[in-house]
Amino acid sequence: MRRLSLAAIAALMTLALTASGTFAAGTRHRLHYEGTGTHAWTMGNDSPTEADSRFLRIVLDPGEYVAAFSNRSLNLNKPAGLVKNLSFNYRATNPDLIGQRISVIFVNGDIGYLDSHYCHRDIAVSGGAWQRSDFTGWRSADCSFYVTGTTGGQYFGTASSSAWAAYVAANPGQQVAYTFFIEENAGASTGTFDVDDITIGSGKLYTRRNLPSKSCDTEASC
């Protein structure tokens, strides 16, 4: 299992504690970033599930990370069973290092690592150029994620349940505090990571810029 670095956890916990006073109400769904790598929405051959020809490119030197979050995602504070749309697309050539994931921080301090390494499939219409990870929508044993803490373990989807639903069923009282998307580079050289169609449980989809492209009112909508 690949884990979020302690430095990244500390920085994002501080942000979560101060976010409500940092960002104006009108920007509650705008993406913000933490970390030392570079990031920019870029024109090019993007994920084919949204027709806008833009994707988020993150470039990281060894040891660097970039985390993406919104004021809303840092203030979810809702039952895990009500959280939908934890998913993202990424270019198949992205280095499979530590780590490419959505991190979920639960109210009791447990941490979920929704890492693409343990949940991914080719996007067929991309000819294998892009892959998708969908932890709340896919019902299959080929998708799983890890949790550390009192509810720790690896949680697998089934033919009738997503990996996220399996976690909720095993821990029905669990509450999500906040979420964010993160790329980390534990390799020995600079890495380029392209991601697209990001949903971090806040009810919005990001496909071309730091403002959301549409609302995710249901699991199937994003």
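Predicted model: local features only at pLDDT ≥ 70, side-chain atom pairs only at ≥ 80, totals over all residues.

Q: Where do Trp164 and Tyr167 lie?
A: Both are in helix H2, three residues apart, about one turn of the helix. Helices here are DSSP runs of H or I with at least four residues, strands are E runs of at least two, and both are numbered from the N terminus. Residues are numbered from 1 along each chain as its sequence is written, and side-chain values use heavy atoms, leaving out hydrogens and water.

Q: Buried or exposed, those two, Trp164 and Tyr167?
A: Trp164 and Tyr167 are both buried, meaning under 20% relative accessible area, with exposed over 50% and partly exposed in between (1.4 Å probe, protein chains only).

Q: What kind of aromatic pair do Trp164 and Tyr167 form?
A: A tilted one, 6.0 Å centre to centre with 35° between the planes. Rings of Phe, Tyr and Trp (its six-membered ring) pair if their centres lie within 6.5 Å; planes under 30 degrees apart are stacked, over 60 edge-to-face, the rest tilted.

Q: And which residues do ring pairs link into a cluster?
A: Phe106, Phe135, Phe145, Tyr155, Trp164 and Tyr167.

Q: Switching topic, where's Ile123?
A: Ile123 sits in the loop between strand S9 (121-122) and strand S10 (130-134). Ile123 counts as buried because its relative accessibility is 9%.

Q: How's the confidence for the chain, what's the average pLDDT?
A: The average is 90, and 87% of the residues score at least 70.

How values were computed
pLDDT = per-residue confidence, 0-100.
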